[in-house]
Amino acid sequence: MEINLPPYDIKLREKGGKREIFDFLRRRYVALTPEEYVRQHFVHFLVEHKGYPKGLLANELELRVGDKRLRCDTVLYDNLLKPRMIIEYKSPVVSITQRVFDQITSYNMLLHVDYVIASNGKQHYCCRMDYEHCSYEFLHDIPLYSEL
């Protein structure tokens with residue numbers, strides 16, 4: 001799969017005829033899908049290149065709204081465990097569209113984070129939310145953790 005994220009020491013295995021990739025946040029192997037491939041590379045990028053603390057990131061966070069269940073791909077928390085960032089991943093063949101941002105917005109209505117990111121491994125979009133002015137700003141790059 002062609003993506004533009006830095007390589008890392010990927011741990012793959014085959015189990016029951018299916019390929020799996022090690023998720024170092026969940027500390028277990030998970031099904032290797034194109035979206036999961038992007039997620040693992042992106043999380044490693046955040047930790048190894050942007051200084052994000054591994055212990056403040058969570059993959060596959062489930063949210064509930066009444067009977068509806070939503071699943072955030074990755075959430076970054078602050079030191080008080082308040083959500084700060086939502087990250088949504090897509091397969092490299094899926095374009096990042098307004099529909100993807102609509103999906104993130106539905107999560108953010110519950111979490112009220114400062115940043116949202118969407119990535120398909122090739123394109124990465126990061127927005128800083130401005131709740132005071134009911135707007136958001138697209139950033140040129142994914143910020144370092146120290147800049148949040």
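1. **Basis.** This is a predicted model, in which local features need pLDDT of at least 70, side-chain atom pairs count only at pLDDT 80 or more, and totals for chains, interfaces and linings use all residues. Residues are numbered from 1 along each chain as its sequence is written, and side-chain values use heavy atoms, with hydrogens and water left out.

2. **Elements.** The protein chain has 2 helices and 9 strands. Helices (H or I, at least four residues) and strands (E, at least two) are DSSP runs, numbered from the N terminus. Read from the N terminus, the order is β-β-β-α-β-β-β-α-β-β-β.

3. **Dimensions.** The radius of gyration of the protein chain is 15 Å, which agrees with the value near 15 Å for a compact globule of 148 residues. That radius is taken over C-alpha atoms, and the globule rule is 2.2 Å times the number of residues to the power 0.38. Along the principal axes, the C-alpha trace spans about 50 × 35 × 35 Å.

4. **Contacts along the chain.** Take contacts (heavy atoms within 4.5 Å) between residues at least 6 apart in sequence. Of these, 48% join residues at least 24 apart.

5. **Surface and charge.** The protein chain exposes about 8600 Å², and carbon and sulfur atoms supply 51% of it. Areas come from the Shrake-Rupley method with a 1.4 Å probe; for residues, only the protein chains shown count as cover. There are 21 positive and 21 negative side chains, and the centres of the two sets lie 7 Å apart. Lys and Arg count as positive, Asp and Glu as negative; His and the chain ends are not counted. Charges are placed at NZ of Lys, CZ of Arg, CG of Asp or CD of Glu.

6. Of the 148 residues, 43% count as buried. Buried means under 20% relative accessible area, exposed over 50%, partly exposed in between (1.4 Å probe, protein chains only). A nonpolar core is a set of buried Ala, Val, Leu, Ile, Met, Phe, Trp, Tyr and Cys residues joined through side-chain atoms within 4.5 Å. The largest has 22 residues; F42, L46, Y52, M85, I87, I117 and I142 have the most contacts inside it. Elements giving two or more residues are α1 (34-50), β6 (83-89) and β7 (115-119). Helix α1 gives the most, with 6 residues.

7. **M85 and the second core.** Beyond its neighbours within four places in sequence, M85 contacts Y52, T74, V75, L76, V113, Y115, I117 and L148. A second, separate core of 16 residues includes L63, C72, I96 and V100.

8. **E36.** This residue lies in helix α1. E36 is buried, at a relative accessible area of 5%. Residues up to four places away aside, E36 touches I21, D23, R26, V30 and A31.
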